[in-house]
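Work through the following exercises with the sequence and the 3D structure at hand. Each task is followed by a stepwise solution.

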Amino acid sequence: MSDNFSLMIHGGSGALEHIRREGSEDDFVQSLGSILEGGRKLLQAGGSALDAVEHCAIALENDPLYNAGHGSVLNEYGEVEMDAAIMDGRDLDAGAVAGITNVKNPITLARRVLEKSEHVMLIGKGAREFANTCNVEIMTDDYFVVDARIRQWREAQKAGGMMLDHEDAEPQRKFGTIGAVARDNDGNLAAATSTGGIVNKRWGRVGDSPIVGAGVFADNMTCAVSATGYGEQFQRTVLSKMISDYVHFKGMDAAEAATAGIDYLVERVNGLGGVIVIDRHGRCAFGHSTSGMICGYIERGGESICRLT
């Protein structure tokens, strides 16, 4: 089987100065590289794009470097509430969960919603009850409590407001979402996005990550997109679907559509964030309006490239 697959992953966007200051840039690069190579093996063996994005998202959720799954930030009650979505470009099937607790890998529960329910999105208690019927792994609260996240939460509580992932007393903003997009050897596309949200978030807040067309989208006719950023801005612009529409209606490739999408985000709502995109021909691209973005990709079976840009 020829290696005609493409794969992209991201670990958030925003100001990355803290990563370089703390000497953790190599940790991110090694993590991204390892996850990409795991995805490569799966796709080389004939795995589907849907399998690949779930596989990579699980690995990102399991790594406390990222604000998803194990490394999720804390809400106003000092608890973890997570959102995730996954989409199959073959038939536009999608599954999403929002405001869930104790599920080790929210992206896997989102895929169960896609495959085992008649719905697209489940939230809160209902999603947790569904998880109990689907044989997904449940963890105790202490699994999700990471020291760095406790520090962020305490700083946000002291300041009396919400904070973005890794924000502190300095004017730094990193938007913590993880995501993956893939094109398999059969030409099928898929996308996945997962997050723990915003530090000290309130009132059952749900961002763009589990919203089809905002934080995630995949269509074999156009492209696969996973977004990261200030979620409300991506919801208001339905940005992932807009990028797909640029491909469909204007004939743009991945790079052109990613750039046009970010330009629109900034023009209309002064938006902050980024996207990764694979088009139906397997071309990879990313774009961001923040000062940095954490991502990696394999284009058409080539070498793994990891970037903290």
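Contact means heavy atoms within 4.5 Å. The model is predicted, so local features need pLDDT of at least 70 and side-chain atom pairs count only at pLDDT 80 or more, while totals for chains, interfaces and linings use all residues. Residues are numbered from 1 along each chain as its sequence is written, and side-chain values use heavy atoms, with hydrogens and water left out.

**Exercise 1.** Locate Thr-177 and decide whether Thr-177 is buried or exposed.

Step 1. Thr-177 is in strand β6, residues 177–183. Helices (H or I, at least four residues) and strands (E, at least two) are DSSP runs, numbered from the N terminus.

Step 2. Buried means under 20% relative accessible area, exposed over 50%, and partly exposed in between (1.4 Å probe, protein chains only). Thr-177 has 4% relative accessibility and therefore counts as buried.

Step 3. Leaving aside neighbours within four places in sequence, the contacts of Thr-177 include His-10, Asn-67, Thr-193, Ser-209 and Thr-228.

**Exercise 2.** Describe how helices α4 and α5 pack.

Step 1. Axes are lines fitted to C-alpha atoms, for helices over the stretch in contact, and angles run from 0 to 180 degrees between N-to-C directions. Helix α4 (residues 106–116) and helix α5 (residues 124–133) meet at an angle of about 80 degrees, and their axes are 10 Å apart.

Step 2. Angles under 35 degrees count as roughly parallel, over 145 as roughly antiparallel, 65 to 115 as roughly perpendicular and the rest as oblique. The pair α4 and α5 is therefore roughly perpendicular.

Step 3. From α4, Leu-109, Arg-112, Val-113 and Lys-116 meet Ala-127, Phe-130 and Ala-131 of α5.

**Exercise 3.** Which partner does Lys-104 have in a salt bridge, and which parts does the pair tie together?

Step 1. A salt bridge is a side-chain nitrogen of Lys or Arg within 4 Å of a carboxyl oxygen of Asp or Glu. The partner of Lys-104 is Glu-137, at 3.8 Å from N to O.

Step 2. Lys-104 lies in the loop between β3 (93–100) and α4, and Glu-137 in the loop between α5 and α6 (141–144), so the pair ties together parts that are 33 residues apart in sequence.

Step 3. Lys-104 is buried, with a relative accessible area of 18%, whereas Glu-137 is partly exposed at 45%.

**Exercise 4.** Characterise the salt bridge between Arg-111 and Glu-115.

Step 1. The closest N and O atoms of Arg-111 and Glu-115 are 2.9 Å apart.

Step 2. Both residues lie in helix α4, four residues apart, about one turn of the helix.

Step 3. Arg-111 is buried at 11% relative accessible area, and Glu-115 is partly exposed at 44%. Salt bridges that share partners join Asp-51, Glu-54, Arg-111 and Glu-115 into one network.
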